[in-house]
Amino acid sequence: MSTINSTFVIAVHDEILRQTGVGREGGHLDKLESVLSRIDQQMYYNQVDDLYEIAAWYGIAISKGHAFVDGNKRTGLAVMLTFLEIQGVSIQDNTGLDDLMVDIVESQSTCTDVGNQEYSVDLNLIANYLLTKSLS
């Protein structure tokens with residue numbers, strides 16, 4: 001299974017800023033590496049192998065990891081959907097996923113501690129949402 005690396009995430013982030021013209025450049029590579037490492041740990045140690053759950057991890061962890069000055073939520077969403085595309089899964093357009101991601105990332109809902117980083121327990125919500133909106 002293909003995993004996402006920091007070079008890829010940075011390229012996605014920079015392209016989003018270039019295309020939209022919204023947001024400031026800059027970020028913290030160490031934070032991004034830490035976020036991606038936590039996702040890898042979930043896949044390995046907790047044997048997470050469901051594509052939709054892994055995609056949800058990318059979306060939420062990158063969005064909440066704040067490795068970039070601006071564009072974290074947009075980058076998380078784009079990486080999440082790109083991960084699924086790489087795996088051969090397409091998601092319907094105009095499903096409200098962007099609004100759902102913003103609501104979850106900005107919520108103060110109950111969290112679970114994973115490696116000293118809090119992540120929303122809404123991972124299952126996102127994973128199930130992706131599954132129901134899948135075209136594949």
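Select Ser6, Val9 and Ile10 in helix 1, then Leu29, Leu32, Glu33 and Leu36 in helix 2: these two groups meet. Contact here means heavy atoms within 4.5 Å. Sorted by class, this contact of helix 1 with helix 2 holds five nonpolar residues, one polar and one charged. Ala, Val, Leu, Ile, Met, Phe, Trp, Tyr, Cys and Pro count as nonpolar, Asp, Glu, Lys and Arg as charged, and the others, Gly among them, as polar.

A note on what you are viewing. This is a predicted model, where local features need pLDDT of at least 70, side-chain atom pairs count only at pLDDT 80 or more, and totals for chains, interfaces and linings use all residues. Residues are numbered from 1 along each chain as its sequence is written, and side-chain values use heavy atoms, with hydrogens and water left out.

**The helix pair**

Stay with helix 1 and helix 2. Two packed helices are described by the angle between their axes and the distance between the axes. The axes of helix 1 and helix 2 come within 10 Å and cross at roughly 115 degrees. Axes are lines fitted to C-alpha atoms, for helices over the stretch in contact, and angles run from 0 to 180 degrees between N-to-C directions.

**The whole chain**

Zoom out and colour by secondary structure. The protein has six helices and two strands. Along the sequence, the pattern reads α-α-α-α-α-β-β-α. Helices (H or I, at least four residues) and strands (E, at least two) are DSSP runs, numbered from the N terminus. Of the 136 residues, 42% count as buried. Buried means under 20% relative accessible area, exposed over 50%, and partly exposed in between (1.4 Å probe, protein chains only).

**The core**

Now select Tyr58, Ile126 and Leu130. Among the 38 residues of the largest nonpolar core, these three touch the most other members. Helices 1 (6–20), 2 (29–45), 3 (51–65), 4 (72–86), 5 (97–106) and 6 (123–132) each give two or more residues to this core. Helix 3 supplies the largest share, nine residues. A nonpolar core is a set of buried Ala, Val, Leu, Ile, Met, Phe, Trp, Tyr and Cys residues joined through side-chain atoms within 4.5 Å.

Keep isoleucine 126 selected. Setting aside neighbours within four places in sequence, isoleucine 126 is in contact with Ala56, Ile60, Met80, Leu100, Met101 and Ile104.

**Last stop: lysine 73**

Find lysine 73 in helix 4. Is lysine 73 buried or partly exposed? Lysine 73 counts as partly exposed, because its relative accessibility is 35%. Beyond its neighbours within four places in sequence, lysine 73 is in contact with Ser63, Val102, Val105 and Glu106. Lysine 73 and valine 102 are 29 residues apart in sequence, yet 6.9 Å apart in space, C-alpha to C-alpha.
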